[in-house]
Amino acid sequence: MQDIDRSDDTPRKESSPPERPLAPQPDKSGTPRCRHRHALSGGEKEAEGMADLFATTDRMAHASLGKLTGGVSPIAIMQAFSDWALHLGISPGKQAQLVEEMGREIGHLWGFLPRSTDDANCPPCIEPLPDDDRFEGEAWQKWPYNVFAQSFLLTQRWWSKATEDVDGVDPHHEDVVAFTVRQMLDAVAPTNSPLTNPFVVQRTLETGGKNFVDGYQHFLEDARRMMTHEPPVGAEKFRPGESVAVTPGKVIYRNRLMELIQYSPTTDKVKNEPLLIIPAWIMKYYILDLSPHNSLVSWLVEQGYTVFMVSWKNPDAEDRDLGMEDYRKLGIMEALDVVNAVVPDRKIHGVGYCLGGTLLSIAAAAMARDGDERLASLTLLASETDFEEAGELELFIDESQVSFLQDLMWHQGYLDKWQMRGTFVFLRSNDLVWSAFVKSYLMGETLPMFDLMAWSTDATRMTFHMHSEYLERLYLENSLAEGNYCVDEYAVTLRDIRVPIFTVGTRSDHIAPWKSVYKITLLTDTDVTFTLTSGGHNAGVISEPGKSKHVYQIADKPADASYVAPETWHENVPERQGSWWPEWHRWLLEQSSGETPPPTMGAPDNGYVPLEDAPGHYVLQQ
């Protein structure tokens with residue numbers, strides 16, 4: 001090999017490294033980020049036709065079974081219990097531990113028995129869980145009812161240990177088994193029996209048994225209303241437009257999926273930037289416009305805001321193919337267009353509640369990607385954008401359950417409201433099922449009805465296509481948080497959002513846990529103000545000023561600030577007394593640019609003539 005003389009006395013010019021290119025931007029003339037299936041040949045179509053026939057047979061069978069189970073997959077339950085039982089069966093150490101625990105629990109009870117008969121104030125051998133108030137009251141401290149209560153609590157604790165920490169069990173299966181066992185135990189709790197509940201025994205002696213006669217009449221009325229799809233007793237007093245959803249306004253636009261309500265101003269001047277509220281489509285919008293004293297809409301109007309509200313249609317089988325994109329386009333984007341026609345050349349404060357906030361986040365990310373700058377800010381109320389830790393709803397969401405539920409929805413064209421409401425009810429069965437069972441059927445009492453409770457029974461259906469996409473893309477794939485959610489065939493990311501965000505989580509939320517809601521501070525690169533308030537998914541949001549029992553925490557996270565874990569945030573942010581609504585009002589003022597005379601109702605010159613008075617037509621659909 002020939003040597004090459006590399007010596008050279010001529011000075012060399014240093015070569016500059018190539019300049020780093022910018023990351024490619026979405027190019028809608030190129031290959032879409034979300035691909036569709038290729039066209040099928042004739043032979044492929046024939047084969048697929050046969051496959052569709054077989055698949056349809058399976059779907060019909062699954063749908064028939066789903067009507068009997070309320071949409072819950074029995075296979076998913078059996079998978080969970082098989083996983084738990086098989087792993088427990090090959091774990092002699094865990095078995096020995098449970099035998100030891102059972103002996104210890106029996107010993108506690110035997111030690112308690114002689115003391116329980118002599119001393120009504122004897123200390124219990126086990127205390128109820130912090131959120132369990134079933135055994136409160138002096139009557140539960142007296143024999144034999146104290147023995148019933150202690151026996152149940154010891155049994156409950158043993159089963160809790162039996163269903164957890166079994167080596168090798170899938171964590172999701174462990175949660176399903178623990179939840180199912182808890183439901184079965186709650187059903188046989190001594191509080192639910194007329195023989196072992198001291199308050200029922202006392203009421204029976206006082207009334208001579210009339211409480212059971214009254215309870216049976218309540219049962220017959222409830223059964224009749226359930227079969228005829230009527231609301232519960234007393235809910236008829238809270239009809240939208242009569243006692244709830246009475247804030248004055250006009251429906252100024254209607255399409256096949258939503259009505260847009262514009263509320264009448266009550267002040268001489270209004271803020272320049274209007275509010276567009278996107279509620280969840282799983283329930284009626286008037287959760288945010290309940291009675292006049294606790295209506296968030298009415299309160300906002302009184303503060304001088306021009307408020308627009310989307311009222312979703314209650315879909316039926318004809319709407320089966322409406323998907324998430326239809327809700328985004330026909331709901332949010334068309335609403336924005338109408339608001340821009342009423343108040344032209346002004347930015348808009350977007351407000352989303354629950355699923356509405358999730359969809360608004362998707363729309364905002366797509367708008368930021370496409371250079372649409374019509375939003376002034378985002379407010380997300382109990383809304384998740386990361387579904388990795390979605391709380392107790394995950395118990396009903398896995399591949400088996402989603403597939404089973406999709407077959408049921410495919411057959412009906414939608415998920416019926418009673419099927420969805422049943423899921424939420426059993427997440428809080430002690431409060432919403434067994435407590436009502438005891439009071440109404442055993443004690444013979446008439447259950448109270450108020451606006452929020454009546455609203456919770458006024459559910460809507462969800463279309464087959466939309467709910468399938470929602471479960472698959474958000475819950476199973478968590479595609480929004482991972483940057484894989486596609487809008488107009490291209491992925492969107494929350495990090496593109498640059499407008500400030502105000503987010504509210506609620507401490508007792510079993511639908512959108514606050515730590516999951518808090519993840520918006522991790523997923524975005526903008527200023528985020530996070531508020532944590534007392535209460536649950538609904539009662540925490542409906543937190544009108546003047547209620548002293550409400551507390552909240554609030555703190556800002558600038559775009560360039562480091563991430564703080566939710567536990568650290570909760571420990572270090574001071575607690576404040578009262579409603580969070582005034583804090584939100586102050587935050588909105590910081591994002592506003594002044595005041596102006598109120599706009600006209602609708603935009604007649606642009607074709608948006610008021611159609612009817614609020615609350616409109618869609619909210620009344622059953």
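What follows is a chat about a predicted model of a protein.

Student: How many helices and strands does the protein have?

Tutor: There are 19 helices and 17 strands. Keep in mind that the model is predicted.

Student: And what does the C-alpha trace span along its principal axes?

Tutor: About 105 × 85 × 60 Å. The accessible surface of the protein is about 30800 Å², and carbon and sulfur atoms account for 55% of that surface.

Student: What share of the residues counts as buried?

Tutor: Of the 622 residues, 50% are buried.

Student: Contacts next. Of those between residues at least 6 apart in sequence, what share joins residues at least 24 apart?

Tutor: The share is 82%.

Student: Ok, the sheet. What is the strand order in the open sheet of 11 strands?

Tutor: The order is β15-β14-β13-β12-β7-β6-β4-β5-β2-β1-β17, and the pairing is mixed. The strands at the edges are β15 (575-577) and β17 (612-613), each of which pairs on one side only.

Student: How does β17 pair with β1, parallel or antiparallel?

Tutor: Antiparallel: β17 and strand β1 (residues 249-254) are joined over 2 bridges. Within this pair, K250 is opposite D613 of β17.

Student: Moving along to β12. Which strands does β12 have bridges to?

Tutor: Strand β7 (residues 375-381) is joined to β12 by 4 bridges, and the two run parallel. Strand β13 (residues 528-533) is joined to β12 by 6 bridges, and these two also run parallel.

Student: Which residue in β12 is the bridge partner of T379?

Tutor: F502 is the partner of T379. Towards β13, V504 is opposite T531.

Student: Why is β12 said to be largely enclosed by the rest of the structure?

Tutor: Because 6 of the 6 residues in β12 (residues 501-506) are buried. Both faces are covered. I501, T503 and G505 are buried on one side, and F502, V504 and T506 are buried on the other.

Student: Switching to the nonpolar core. Which residues touch the most other members of the largest one?

Tutor: L260, L276, L288 and W584, out of 142 residues in that core. Helix α9 (residues 324-342) gives the most to this core, with 11 residues.

Student: Take L276. Which residues is L276 in contact with, leaving aside neighbours within four places in sequence?

Tutor: The contacts of L276 include L260, F308, V310, I332, A335, L336 and V339. I348, H349, G350 and V351 are also among the contacts of L276. There is also a second, separate core, which has 8 residues, among them W514, V517, Y518 and V573.

Student: Now the outside. Which residues form a nonpolar patch on the surface?

Tutor: M102, I106 and W110 do, with about 350 Å² of accessible area together. M102 is located in helix α3 (residues 92-118).

Student: Why is M102 called partly exposed and not simply exposed?

Tutor: Because its relative accessible area is 40%, while exposed means over 50% and buried means under 20%.

Student: Backbone now. Where is the cis peptide bond with omega near 5°?

Tutor: From W143 to P144. P144 is in the loop between α3 and α4 (145-162). A cis peptide bond also joins A614 and P615, with omega about 15°. P615 is in the segment after β17.

Student: Why point those out?

Tutor: Because most peptide bonds are trans. Likewise, most residues other than glycine have a negative phi.

Student: What is the phi of A245, then?

Tutor: Phi of A245 is near 55°, which is positive in a residue other than glycine. A245 lies in the loop between α7 (210-227) and β1.

Student: Is A245 buried or exposed?

Tutor: Buried, with a relative accessible area of 1%.

Student: What about the phi of N478?

Tutor: Phi of N478 is positive as well, near 50°. N478 is in the loop between α15 (464-476) and β10 (485-487).

Student: Why does N478 count as buried?

Tutor: Because its relative accessibility is 8%, and buried means under 20%.

Note on methods. Residues are numbered from 1 along each chain as its sequence is written. This is a predicted model: local features need pLDDT of at least 70, side-chain atom pairs count only at pLDDT 80 or more; totals for chains, interfaces and linings use all residues. Side-chain values use heavy atoms; hydrogens and water are left out. Patches are made of residues with over 30% relative accessible area and no salt bridge: like charges are joined within 9 Å, nonpolar side chains (Val, Leu, Ile, Met, Phe, Trp, Tyr) within 5 Å. Accessible areas come from the Shrake-Rupley method with a 1.4 Å probe; for residues, only the protein chains shown count as cover. A salt bridge is a side-chain nitrogen of Lys or Arg within 4 Å of a carboxyl oxygen of Asp or Glu. Buried means under 20% relative accessible area, exposed over 50%, partly exposed in between (1.4 Å probe, protein chains only). A nonpolar core is a set of buried Ala, Val, Leu, Ile, Met, Phe, Trp, Tyr and Cys residues joined through side-chain atoms within 4.5 Å. Contact means heavy atoms within 4.5 Å. Two strands pair if DSSP finds at least two bridges between them.
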